[in-house]
Amino acid sequence: MTAPISVAPPTSPVWFRALVWLAPLLLIVTAWLPDDSADKPLPVAGSVALTLLGVGLGAFFAQVPRRLAYTLTDTGLRISRFSGTFEWPYRELRVRRTDAGLGLRVGGVGLPGYYTGNYTFTGAGYRSVQAIASNTRGGLIVERGGTPYYLTPADPDAFAQALAARGVPVLD
């Protein structure tokens, strides 16, 4: 029996969302601005290419957060993200509640509603974590093979209880 787990809603600062969406918007707008001081204007094909790049980047930014999902299956924790889906067997997991959150991104993706990759960690016990999260705060740690993963279910306590009911040890 599979049980989908709701992902925490994104709560990125307005300035961050604006900055992220500014990149594709600038590509689209600047492709069509005339430059009277240029010896040769940008050809129409170049403007179209930059516009398509901006639209594609905007579509990517809109689609990526929608791909993040956690599901409890009969055999393990299934995690879906933009780059694919994988499943961790319950016997390989340990869960730890935390009040801390993600720090600086070391490598990976950091978009409003979608944080994956290596991040520093603001709490005790870990210097860095692998994030597969929709937020930078309000998550929990799921350890697999000694590697801490930061996940952000909508209800971390209920998620931890559901994992514990499937035999996953809860660490303090």
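Which strand gives the most to the lining of the largest pocket? Strand 6 does, with three residues. Two notes on the source: this is a predicted model, where local features need pLDDT of at least 70, side-chain atom pairs count only at pLDDT 80 or more, and totals for chains, interfaces and linings use all residues. Residues are numbered from 1 along each chain as its sequence is written, and side-chain values use heavy atoms, with hydrogens and water left out.

The largest pocket holds about 260 Å³ of space. It has 13 lining residues, and Pro13, Phe16, Gly103, Tyr115 and Thr136 are the closest to its centre. Two or more lining residues come from each of helix 1 (14-30), strand 6 (102-111) and strand 7 (114-121). By class, this lining has five nonpolar, six polar and two charged residues.

The second largest pocket has about 160 Å³ of space. Among its lining residues are Trp32, Leu33, Pro34, Asp35 and Lys40. Here the classes are nine nonpolar, one polar and two charged.

A pocket is an open set of points on a 1 Å grid where a 1.4 Å probe fits, with protein on both sides within 12 Å along at least five of seven lines; lining residues have an atom within 4 Å of a point.

Now the loop between strand 2 (69-72) and strand 3 (76-81), where Thr73 lies. Thr73 counts as buried because its relative accessibility is 4%, and buried means under 20% with a 1.4 Å probe, protein chains only. Its side chain reaches the backbone nitrogen of Thr75 at 3.3 Å. A polar atom of the Thr73 side chain also lies 2.8 Å from the backbone oxygen of Gly76.

Conventions:
Helices (H or I, at least four residues) and strands (E, at least two) are DSSP runs, numbered from the N terminus. Buried means under 20% relative accessible area, exposed over 50%, partly exposed in between (1.4 Å probe, protein chains only). A polar contact is a pair of N or O atoms within 3.5 Å; within protein, one must be able to donate a hydrogen and the other to accept it, and residues adjacent in sequence count only if both atoms are side-chain atoms. Grid points are joined across faces, edges and corners, and a volume is the space filled by probe spheres set on the points. Ala, Val, Leu, Ile, Met, Phe, Trp, Tyr, Cys and Pro count as nonpolar, Asp, Glu, Lys and Arg as charged, and the others, Gly among them, as polar.
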